[in-house]
Amino acid sequence: MGNALPPYLASLNPEQLEAVRHQGRSLLILAGAGSGKTRVITTKIAYLVRERGVEPESVLAVTFTNKAAKEMRDRAASIESTCSRAVMRTFHSFGAWFLRRNAAAAGLDPNFTIYDDDDQATLLHGLLPQNTRSECKAMVQAISRAKDLGLEPDSPDLSSAFSDPGMRRIYDMYDRKLRKTGNVDFGDLIGLPARLLREDEAVRRRTRQRFRVILVDEYQDSNVAQFELLRLLAGTGDADGSAGAYLCVVGDDDQSIYRFRGAEVRNILRFPEIFPGTDIIKLERNYRSFQSILDVAGDVVSHNAGRIGKKLVAERLGGAKPALSLLDDQDSEAAYCVKVCRERVKAGGRWSDVAILYRTNAQSLTFEKEFPRLGIPYRIVGASRFYDREEVKDALAYLALLCNPRDEVAFKRVVNKPTRGIGETSVDILLEAAGGGAFAGGAFAGDLLSASAEAGESLKGKARAGIKDFLGLVSGLAGLLDAPAADGETLALLVQRLIKASGLVEYHRAQDEVAGTQKVANLDEIANAASLYPRSREGLSTFLETIDLDRSLASEEAAATDAVTLITMHNTKGLEFPVVIATGLEQGLFPRDDEEGEELEEQRRLFYVAVTRAKDELHLTSCRWRRLHGRLFETGPSRFLSEIRGDLIQATAARRADARPVGAVPSPYGARPQPGVPGPRPGAGPREASPWRAGQAVYHDDYGSGVILKVSPTPSSGPLVVVRFETGRQAQFFPKFTTKLEIQKG
DNA sequence: AGTGCAACTCTTTTT
DNA sequence: GAGTTGCACT
């Protein structure tokens with residue numbers, strides 16, 4: 001009786017195999033970068049279906065990105081084809097799926113569309129016209145954070161989480177208004193399913209019967225609301241005596257980099273205590289990088305206090321020491337990158353082997369300027385913002401309104417675009433007609449189109465004709481949408497008709513000519529994207545949801561071209577490249593000088609993510625001069641660099657003037673002395689007597705009194721002093737170069 | 001209603 | 001320095 005493993009299991013290492021075959025209540029897989037976690041999760045799904053008799057339909061697997069979800073679906077199905085019947089989606093896409101199936105119970109229109117932050121701000125602005133748009137944006141952001149925390153307008157904890165006393169009232173107003181439109185925001189895609197599961201026993205029972213196995217990828221990026229939803233879905237520890245679903249979460253606490261968006265590292269740190277009986281498996285074998293690269297990543301992240309702790313061990317031994325280049329400014333940095341790229345290609349590699357990483361999008365500019373001139377092909381990942389463009393949002397708003405006639409944001413956007421003589425006052429009259437009685441069971445219950453048809457009659461002159469025009473246009477489009485589609489007809493037809501008949505094409509063509517933009521081309525691109533969907537209400541709904549939930553304009557073509565990748569460090573998660581250049585490793589930029597505590601730890605994790613993308617070669621660059629917000633700053637190397645054991649990297653100072661020996665790399669913040677380079681030179685460290693110390697009261701000519709938060713030494717500019725003023729303003733100075741900042745006695 | 005100018009801000013951003 | 005936003009003007 002041979003117990004040879006089937007081939008799809010045989011190639012796993014022992015820990016991976018253990019994770020795949022694990023049975024019990026719940027499992028936490030701590031999977032370091034490059035340890036094959038996607039492989040484990042997909043294999044586990046296939047294994048459960050194949051060997052354990054689990055119905056694919058009863059498996060729910062959630063991820064955070066569409067790309068990851070797609071990869072999971074593809075890979076699981078390639079092992080076991082019936083896996084395609086499992087629900088494998090992003091958290092938000094699962095929420096939308098769930099809400100459409102339980103729309104009535106959730107009090108939603110099954111054709112709801114999803115408001116992005118811009119739409120949210122528009123909605124709130126309609127409620128608070130006396131506030132500016134950017135104020136509304138800020139408030140909407142606070143509301144979104146509240147939703148990330150799983151807080152509702154009537155949650156007692158809301159007041160302690162948000163200092164603004166008006167928050168509760170605004171949040172409440174906003175939510176009521178949003179419910180009235182029948183639409184949802186991103187937070188609702190998590191929060192409303194959770195509420196429904198909490199409050200509706202029938203839905204809860206049905207859902208828990210269905211999903212017996214729940215897996216979560218990139219669990220370290222989940223927020224409190226997602227955790228709540230997960231707990232409700234799993235039903236573990238409920239009083240009703242149900243067994244609860246088998247819960248398996250996979251993540252890496254060292255790769256949690258979305259705290260600023262509400263991600264909660266504690267979700268993963270505390271998982272075992274919240275789900276008693278959890279088994280933990282660590283995957284620490286790395287199949288991607290050379291050990292020399294992992295050591296650098298490990299050294300930096302080991303300075304974090306709040307981590308579970310693990311050590312990555314490379315399967316690929318050896319590899320060159322990562323290179324650290326100390327450069328003059330970002331032009332030298334670009335030149336250095338060019339050199340690395342050319343060398344790679346000369347050695348038989350491809351341009352696409354190389355990725356240039358930076359913390360902020362603004363840093364890509366120098367590369368974009370230099371590369372075409374020097375013949376380096378490149379592509380920028382992220383920041384496409386196609387769906388944020390004016391003309392694109394216009395066209396989509398027409399479609400959204402067609403889908404849901406209660407969508408007030410869409411209505412306001414397009415009712416008078418292009419201009420039809422419907423001014424602000426007319427729009428208000430129409431909104432009033434639709435909204436006035438919605439709660440009291442008004443005649444139109446928020447239906448803006450029906451309301452406009454009636455209230456439009458009471459308008460006069462231009463506005464009256466305009467609204468007739470508009471309604472005629474919309475009903476024509478609705479007619480086309482509902483008419484039976486001939487073979488091969490797609491939504492593209494509807495979009496083409498829409499952009500022509502609405503006058504959007506004409507309107508934007510005129511702008512193109514003046515400003516040299518390509519708005520008409522973008523409109524055509526929407527029609528092109530729509531051609532993947534059938535011409536029906538359902539097709540339209542799917543089309544809009546896909547756009548709402550996936551703003552990345554997935555272009556296969558772009559991925560296939562051989563070009564250097566320019567990308568923010570955040571965007572690299574889940575990717576890998578043979579050659580990685582992590583740029584801008586300067587104190588004040590990465591990390592920023594005001595980052596400390598949890599924020600500083602998150603930056604270390606970001607460094608860890610960036611570095612562990614590299615398979616063969618890692619380069620780090622740090623510039624002495626950095627142009628930021630239009631000003632030139634002298635900076636020192638990032639403190640992260642001094643957290644790396646000196647013998648792990650090959651440092652070179654390629655500076656024109658004042659080239660200094662490598663040993664002189666400063667070690668900001670008085671970091672503990674470490675063997676090798678870089679490290680503080682004896683006698684030249686930050687220990688020099690200086691009146692500039694944290695806590696010292698100061699006075700500035702322009703800003704008034706303040707207190708020094710932090711002092712960082714620089715190689716030749718003296719200390720860099722970060723000051724918080726009584727006005728609340730924070731600023732940094734080189735006392736060496738300014739006479740305006742003085743010590744305040746007392 | 002549409003244009004022009006001054007003022008403000010300026011990490012990261014899966015969904 | 002660049003892009004966006006708000007306000008005022010015609």
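This is a predicted model: local features need pLDDT of at least 70, side-chain atom pairs count only at pLDDT 80 or more; totals for chains, interfaces and linings use all residues.
1. Staying with aromatic side chains, how many aromatic pairs does a search of the whole structure find? The search returns 19 of them. One is the pair of Y358 and F367, which is stacked, with 6.5 Å from centre to centre and 20° between the planes. Are these two residues buried or exposed? Y358 has a relative accessible area of 1% and F367 has 1% relative accessibility, so both fall under the 20% cut-off and count as buried. Elsewhere, ring pairs join F94, W97, F98 and F211 into a cluster.

2. Helix α8 (residues 133–148) and helix α10 (residues 167–181) have axes that come within 10 Å and cross at roughly 85°. Angles of 65 to 115 degrees count as roughly perpendicular, so α8 is roughly perpendicular to α10. On the α8 side the contact is made by M139, V140, A142, I143, A146 and K147, and on the α10 side by M167, I170, Y171, Y174, D175 and L178. Sorted by class, this contact has 10 nonpolar residues, two charged residues and no polar ones.

3. Two peptide bonds deserve a look in your viewer. The bond joining K417 and P418 is cis, with omega about -5°, and P418 sits in the loop between α20 (408–414) and α21 (424–435). The bond from F590 to P591 is also cis, with omega near 0°; P591 belongs to the loop between β15 (577–582) and α29 (597–611).

4. Which residues have a positive phi without being glycine? E218 is one of them, with a phi of about 50°, and H629 is another, with a phi of about 50°. E218 lies in the loop between β6 (213–216) and α13 (224–234), while H629 lies in the loop between β17 (625–628) and β18 (631–634). E218 is buried because its relative accessibility of 13% is under 20%. H629, at 79% relative accessible area, is over 50% and therefore exposed.

5. Finally, the overall picture. Chain A contains 29 helices and 24 strands, and 53% of its 746 residues count as buried. Among contacts in chain A with a separation of 6 or more, 73% are between residues 24 or more positions apart.

Note on methods:
Residues are numbered from 1 along each chain as its sequence is written. Chains are lettered from A and ligands numbered from 1 in the order in which they are written. Side-chain values use heavy atoms; hydrogens and water are left out. Axes are lines fitted to C-alpha atoms, for helices over the stretch in contact, and angles run from 0 to 180 degrees between N-to-C directions. Helices (H or I, at least four residues) and strands (E, at least two) are DSSP runs, numbered from the N terminus. Angles under 35 degrees count as roughly parallel, over 145 as roughly antiparallel, 65 to 115 as roughly perpendicular and the rest as oblique. Contact means heavy atoms within 4.5 Å. Ala, Val, Leu, Ile, Met, Phe, Trp, Tyr, Cys and Pro count as nonpolar, Asp, Glu, Lys and Arg as charged, and the others, Gly among them, as polar. Rings of Phe, Tyr and Trp (its six-membered ring) pair if their centres lie within 6.5 Å; planes under 30 degrees apart count as stacked, over 60 as edge-to-face and the rest as tilted. Buried means under 20% relative accessible area, exposed over 50%, partly exposed in between (1.4 Å probe, protein chains only).
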